[in-house]
Amino acid sequence: MPYRRLPNTDQARLRAIRTAIEAAESASTGDSLLSQKQLLEAKMFSPIFEQTIKQYSDARTQQAILGRQADVAAKQARIYLSHFIQVFNMCIARGEIKTETRKMLGLELQGETVPALDTLPQLIEWGNTIISGEEKRMAMGSGNRIYNPSIAVVKVKMQQFTEQYHKHQDLMQTIQKLHTKVEEIRPKADALILELWNTIERNLGSIDTEAKREVAIRYGLVYAYRPSERLNNI
């Protein structure tokens, strides 16, 4: 005999509630397997649950889009910042800028290595340090101005990246809040479905015939065969 299988995804939960509502509303007067109180409760809960899971799903979709945009912006910012530091080092090597000006940009006095820019926090920290240091150097007239890329272009690329980064971070916080809301409402959906399905089966009597199962299925109940039963029904 097949066993009843409760929904285990949010879309399946929503479908189960909607199907029960539709079946109860389409039943002739007095023939509904659900009470008016249960039907009203389901109709009130359904749009709230639908909106909650839709908001979470939409936010996750937007997060993927913003994540890709942030990755592209970070790649651009990393390239321009790295190239600027390399050109700065070459200007020092050619004697166009004094070696001690490295300190103004937060760089080690000796060596020509580019600092680590692998992580987003590193990129943000070094971007701010290099930009503020170079602007201070220019204000003091300490050496030649650097071009290709200029600090103005580096600053634009960093601003574009940080804007996308903060948007993404803000959305991640929103997603966490929405996830919490889904986690809170999901048990309520499960409890409602269990109550509806129990009532439907109770009003049908023992679900021991194919005809009764067909009626229950119209109300959204799902039945599945165990492996051994499935083989016997092939």
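This is a predicted model: local features need pLDDT of at least 70, side-chain atom pairs count only at pLDDT 80 or more; totals for chains, interfaces and linings use all residues.
Where is the place of Thr 199?

**View 1**
Thr 199 has its place in helix H4. Its relative accessible area is 7%. That is under 20%, so Thr 199 counts as buried. Leaving aside neighbours within four places in sequence, Thr 199 is in contact with Leu 33, Leu 34 and Gln 38.

**View 2. Phe 45 and Phe 49, a stacked pair.**
The count of aromatic pairs comes to two. One of them is formed by Phe 45 and Phe 49. A pair of aromatic rings is described by the distance of the centres and the angle of the planes. Here the centres are 5.6 Å apart, and there are 15 degrees between the planes. Planes under 30 degrees apart count as stacked, so this pair is stacked. Both residues sit in helix H2, residues 36-93. Phe 45 and Phe 49 are four residues apart, so about one helical turn separates them. Phe 45 is buried, at 14% relative accessibility. Phe 49 is buried too, with a relative accessible area of 0%.

**View 3. Phe 161 and Tyr 165, a tilted pair.**
The ring centres of Phe 161 and Tyr 165 are 5.8 Å apart. Their planes stand at 40 degrees, so the pair is tilted. Helix H4, residues 151-204, holds both residues. Phe 161 and Tyr 165 are four residues apart there, so about one helical turn lies between them. Phe 161 counts as buried, at 0% relative accessibility. Tyr 165 counts as buried at 15%.

Methods: Residues are numbered from 1 along each chain as its sequence is written. Side-chain values use heavy atoms; hydrogens and water are left out. Rings of Phe, Tyr and Trp (its six-membered ring) pair if their centres lie within 6.5 Å; planes under 30 degrees apart count as stacked, over 60 as edge-to-face and the rest as tilted. Helices (H or I, at least four residues) and strands (E, at least two) are DSSP runs, numbered from the N terminus. Buried means under 20% relative accessible area, exposed over 50%, partly exposed in between (1.4 Å probe, protein chains only). Contact means heavy atoms within 4.5 Å.
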